[in-house]
Amino acid sequence: MFRRFTSRRLSILATAALALAGLTGVPAHAEGPEQIPNGTFDTTADPWWHTANLEFALTDGRLCADIPGGTVNPWDAIIGVNDIPLVKDETYAFAFYASADPGKVARAYVQLPVDPYTQYISAAPELSVSGDSYHYTFTSPVDLPNAQVVFQLGGSATPWRFCVDNVSLQGGAPPEVYTPDTGPRVRVNQVAYLPKGPKNATLVTDATDALPWKLKDAAGKVVAQGSTTPRGVDASSRQNVHSIDFSAYHKAGTGFTLTADGETSRPFDIGADAYQSLEVDALKFYYTQRSGIAIDDALRPGYGRPAGHIGTAPNQGDTNVPCQPGVCDYSLDVSGGWYDAGDHGKYVVNGGISVAQLMSEFERTKNAASARPIGALAIPESGDDVPDVLDEARWEQEFLLKMQRPDGMVHHKIHDENWTGLPLLPHLDPQKRELHPVSTAATLNLAATAAQAARVFAPYDAAFAAKNLAAAKKAWAAAKANPAILASPSDGNGGGTYDDADVSDEFYWAAAELYITTGDAEYKNFVLASPHHTADLWSQGGAMDWGHVAALGRIDLATVPNGLPGRDAVRQSVVTGADRYLTTIDQHPYGLPYNPGDYVWGSNSAVLNDMIVLAAAYDITGKLPYRDGVLQGIDYLLGRNALNQSYVTGYGEVASKNQHSRWYAHSLDTSLPNPPHGSLAGGPNSGLQDPVAQAKLPGCAPQFCYIDDINSYSTNEVAVNWNAPLSWVAAFIAGQGDGGISASANCKVGYTVHGSWPDGFTTQVTLTNTGHKAIDGWSLTWSFLGGQKVGHSWAAEFTQKAATVTAANQSYNKIIQPGQSVTFGFNGVSAPGANPGPDLFLLNGAPCA
Ligand SMILES: [Ca+2]
Ligand SMILES: [Ca+2]
Ligand SMILES: [Ca+2]
């Protein structure tokens, strides 16, 4: 499970203008289509919501709630459901069964969901203990796509119990049968294939025999041709499909099309440029998600807005945020950070995996042969010496630090008291903001991310690094002392619950990051003893998500230099996981590494996280099939799929652009923008966990359980934990150039720390020419783990930029004959913590084999 919401609700402020229309109070004939999603409560309360002062639950097939006493107004306690369509001049039959114990008058309305809450029918049934059915009719005076049905239950001095069932609103227009426009049946990556990379497509056809295909350039000239491979019926789409492999064509260009079975694909490029821009755009997404800072329109034309949640009315946060009633008696300044998704909430566990993946995207540039520096992001911190990807990560990490209490425990989340409606710019959110209880999971997320921040920021800001290391250690100790404080699965009013019943994986991840950064025995021993250290983490769903984080630790232990005993087996375990995802890709006619049966909430991020395992295996082994698995996986997200659309805004001829967001809400308010280019939609979700998906997508095959509708939050939201693996993978692909095999250098490096003392160490490096030709002039580059610096040196010219060191020949040792070596060395100034030898050495820019 990814993001789960037990309810979504709109704020109820008052019921002003009454506009009764056609209320008859007599039983009506039930005719016309049913407009209420789930009025029978057979298996779930979704998508019904309730006010924060009550909970509801299913009891004997009914929805029941204990209504608190002591409220004043009817609207002080509400149960409701949103997004009910009304058609002007249509007559509706409104009916429900309800009971009250003791008997009570309730109010039932079909109304406008925002101020002035105009009521199209207003009923005040006298409810009995034994229960009764109630029937009304009315004629709608308006066309409205999103009316609310609410039961107002407040105003009683004493508590009582309310149950409801068989809520029905029949009439109006029959629900439109939704059929997605899937365009031509030849499905391609609509953005770009790398010239020398794999090139695969999928043809939807009833044909069972192979068919001819033709690749045409922009001028319509056939430049390659071949035969399709019949693949049978694909379970994820329930389509009969063929696959097409045109990898043998290598020439770059734009406007290619692929033709088969009388259909011509949407156009695509063959080239590498798109991934350079996708890497940057996917990261630029975070700036406009920032809380606590005005978004500069000069940096993001069309996206400028005032700062959200800086203590300026109508905001009620985030500079001095109290706890929920009864949770704590203090307030914290928790301003800053990123808004999580399409809402204004900020959740430590989802921020945690996101900031970790951004830091890993940076850290990979120090350790992976094919990585290149991450591009500039046009953010306020651009132009300084700190890579922008780290500046962006720091914006969130600073917030995570603020969520920590003096005792080390970390609050799970901070968000609005009640759900707000769409659209709503951050600075206009009037809701009370509340801190929710601390949790072990949040505390361990801070331990992990702060430990990672301590090493990656060390060369740029030693004080910030030290602050993070102290916070990480404190969080670790607090979590050890409080190992089972779990977030509540019912704490979902106004924000996602992000509850997680198993935090043993969070312990493993935190221990792994603390070990990599410090080298300390306590964390090493914990890692080696954890069942997650050797468990099979490579699920056919996603390898990791906000609640399953063991793979974050395992992959970092495999790919970030460290001295863990048995590290070779750790590296091999990642390769084993990648082998499984390669098998899935090979067997899937749409070529994706994800094949769990039903698709989950945020399935696109699961696809990407599986691709990160493949990418890590490529970084570890240098074997091309792993890299090519990543290149195939991105094809799915960019158009080679059953819906024939890209899930990344601005990429591909047909792409998601109406993702669920309160401020990229162009489809609700044309003065607001669509999501920025590079925004990833959550993707197909078989669970259909919102009213739009429930109305439009019943019975969908997994790949079809998606709609680009702003109200389909369970298939089409944006989220910080979804763009993080997108940017990671885009950076990986951008580093592959045109997809050709980059040369490695004929060299071997011995790197030996001969001695160390509290703030220093001495290192000897031996560079051996393993080739058959003399090396005439050399510079050897590697990166330190953290804030280490080269001091006194000998036999080479040293330069250092941040963590990256280059040692170049002197005139007398410029030539290294085949089989010969040169030796040089330096005294290092040690930052506190681990000081492992590097995994990667580049000789004149190429990795030593
Ligand atoms: Ca029922
Ligand atoms: Ca910068
Ligand atoms: Ca967990």
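The legends below describe close-up views of a predicted model. Local features need pLDDT of at least 70 and side-chain atom pairs count only at pLDDT 80 or more, while totals for chains, interfaces and linings use all residues. Residues are numbered from 1 along each chain as its sequence is written, ligands are numbered from 1 in the order in which they are written, and side-chain values use heavy atoms, without hydrogens and water.

**View 1. The calcium ion (ligand 3) and its donors.** Asp500, Asp502, Asp505, Glu506 and Gly547 coordinate the ion at 2.3 to 3.1 Å, where donors are N, O and S atoms within 2.8 Å of the metal (3.2 Å for Na, K and Ca), and water is not among the atoms, so sites may look incomplete. Along the chain these donors follow the spacing D-x1-D-x2-D-E-x40-G. Aspartate 505 is buried at 4% relative accessibility, whereas aspartate 502 is partly exposed at 41% (buried means under 20% relative accessible area, exposed over 50%, partly exposed in between, with a 1.4 Å probe and protein chains only).

**View 2. The aromatic pair of tryptophan 476 and tyrosine 523.** The structure holds 46 aromatic pairs, meaning rings of Phe, Tyr and Trp (its six-membered ring) with centres within 6.5 Å, stacked if the planes are under 30 degrees apart, edge-to-face if over 60 and tilted otherwise. Here the centres are 5.7 Å apart and the planes stand at 80°, so the pair is edge-to-face. Both tryptophan 476 and tyrosine 523 are buried.

**View 3. The aromatic pair of tyrosine 751 and phenylalanine 841.** This pair is tilted, with 5.9 Å between centres and 45° between planes. Tyrosine 751 is buried at 15% relative accessible area, and phenylalanine 841 is buried at 8%.
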